[in-house]
Amino acid sequence: MAAAENPAPVLSLQGVRLTYAHTPEQAVLQGVDLVVYAGEWVAVVGANGSGKSTLGRVAAGLLPVSAGRVQSPPPPGVQLVLQNPDAQGIGQTPLEDVCFGLTQLGVPPAAARQRALATLQAAGLADVANTPLERLSGGQRQLLATTAALAMHPRLIVLDEPTAMLDAAAAARLRAMVAAQQAHGVAVVWMTQRLAELAYASRVVALVAGQKVFDGTPRQFFYADPPALAGYTTSHPNPAQSAGGTPPALSPRPSLQPLSFCRQLGWTPPLPVQVAEALHSRGLCCGDKPLTAQELGECVARLRLAQSRQAAGGLDATLET
Ligand SMILES: Nc1ncnc2c1ncn2[C@@H]1O[C@H](COP(=O)(O)OP(=O)(O)OP(=O)(O)O)[C@@H](O)[C@H]1O
Ligand SMILES: [Mg+2]
């Protein structure tokens, strides 16, 4: 079989267990399998303490595992953007910061400066290219950390909650930059607690207490049908039930609609999905399962068109009789 039909994964974790030295009684990662291919954008979602950052450091080869196998590109092929951007800056200014990594790659200084300026421009950081790092806001520093990593053109980029400090416009710019690299075959692993961000991923992996409990597409995660729960077996505890709670009802007619995986976890999906659920509970089907406000708008427009056609058809029928 040709290589293009059977590509080697960029990242492969097999049965990864990790226990921190201070808490040997508790495995933070409990047998995680994860394979990521070139051009994939995998969102890893989980609550506080579920193991996202630990998984990110493992994927970047920075933490030795207690058991299992890890294969990821050696640096600079893998770039990890830490949750705390202050842990990462090198140089006095954003321009120096980005140039430093590039010159380490062997890019000549003039070309490095040009590439750094172009990358800072795309990130919306051109105005502060020569501003001392300590005068940047937390959001600017976070944006810079991702920008510097992207400028290195890695094969795999691991981003740990990269939009936590960003406003909506900066977050959108960052996603566009990441998407542009993804389109060139870069593999993206994006840790997040923001369920709305899953819409931009090609795959969602959900972590609960260090276990992978879901691996599938965003639509499979947010919508109950089809119930493709790769990597999940009923032997895993349902967090909502194991916490003593009852999973929330999806609609006034829950018996007619199985719970989505997101709902089974006791998590509230983003607003566009909630609206689609509410429409569905009233018999209005958004067959295309919208994930974003734009997709929901298109779905509602189609529903209205169908309704007005139906009404016109009914009128025609009345006139004919
Ligand atoms: N260096 C460490 N030493 C000991 N325990 C740690 C260490 N780092 C993390 N932990 C513990 O491991 C578990 C997972 O932490 P981790 O930071 O990976 O989770 P997370 O999903 O990234 O959480 P958050 O959403 O808060 O960033 C937590 O119980 C945490 O307290
Ligand atoms: Mg974390």
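A helix here means a DSSP run of H or I at least four residues long, and helices are numbered from the N terminus. With that in hand, let's walk through this chain, which is a predicted model.

**Around the ligand**

Helix α1 covers residues 52-59, and three of its residues sit in the shell around ligand 1, the largest share from any element. In total, 14 residues surround ligand 1. Which of them are closest? Tyr20, Asn48, Lys52, Ser53 and Thr54 are. If you sort the shell around ligand 1 by class, you get 11 polar residues, two nonpolar ones and one charged one.

**The whole chain**

Now zoom out. The chain has 321 residues, and 37% of them count as buried. It contains 10 helices and nine strands. Look at contacts between residues with a separation of 6 or more, and you'll find that 63% of them link residues 24 or more positions apart.

Strands of a sheet pair through backbone hydrogen bonds, either parallel or antiparallel. One open sheet in this model has three strands in the order β2-β1-β4, with antiparallel pairing. Strands β2 and β4 are at the edges and have a single partner strand each, so each has one side without a neighbour in the sheet. From one strand to the next, the twist averages 20°.

How many bridges join β1 to β2? Seven do. Strand β1 spans residues 11-19 and strand β2 residues 27-36.

**A sheet of six strands**

Another open sheet has six strands in the order β5-β6-β7-β3-β8-β9, and its pairing is mixed. The edges belong to β5 (78-81) and β9 (211-216), which have a single partner strand each, so one side of each lacks a neighbour in the sheet. Ignoring direction, neighbouring strands of this sheet are turned by 15° against each other on average.

Inside that order you'll spot β6 (residues 156-160) next to β7 (residues 187-192). These two strands run parallel and are joined by five bridges. One pair to look for is Leu159 with its bridge partner Trp190 in β7.

| Strand pair | Bridges | Direction |
|---|---|---|
| β1 and β2 | seven bridges | antiparallel |
| β6 and β7 | five bridges | parallel |

**Two packed helices**

Two packed helices are described by the angle between their axes and the distance between the axes. For helix α4 (residues 138-151) and helix α5 (residues 168-183), the angle is about 5° and the axes are 11 Å apart. Angles under 35 degrees count as roughly parallel, so α4 is roughly parallel to α5. On the α4 side, the contact is made by Gly139, Leu143, Thr146 and Leu150. On the α5 side, Ala170, Leu174, Met177 and Gln181 take part. By class, this contact of α4 with α5 has five nonpolar residues, three polar ones and no charged ones.

Technical notes: Residues are numbered from 1 along each chain as its sequence is written. Chains are lettered from A and ligands numbered from 1 in the order in which they are written. This is a predicted model: local features need pLDDT of at least 70, side-chain atom pairs count only at pLDDT 80 or more; totals for chains, interfaces and linings use all residues. A residue is near a molecule or strand if its C-beta atom, placed from the backbone, lies within 6 Å of it. Ala, Val, Leu, Ile, Met, Phe, Trp, Tyr, Cys and Pro count as nonpolar, Asp, Glu, Lys and Arg as charged, and the others, Gly among them, as polar. Two strands pair if DSSP finds at least two bridges between them. Axes are lines fitted to C-alpha atoms, for helices over the stretch in contact, and angles run from 0 to 180 degrees between N-to-C directions. Angles under 35 degrees count as roughly parallel, over 145 as roughly antiparallel, 65 to 115 as roughly perpendicular and the rest as oblique. Two residues are in contact if their C-beta atoms, placed from the backbone, lie within 7 Å. A residue is buried if 20 or more other C-beta atoms lie within 10 Å of its own, exposed if 12 or fewer, and partly exposed in between; C-beta atoms are placed from the backbone.
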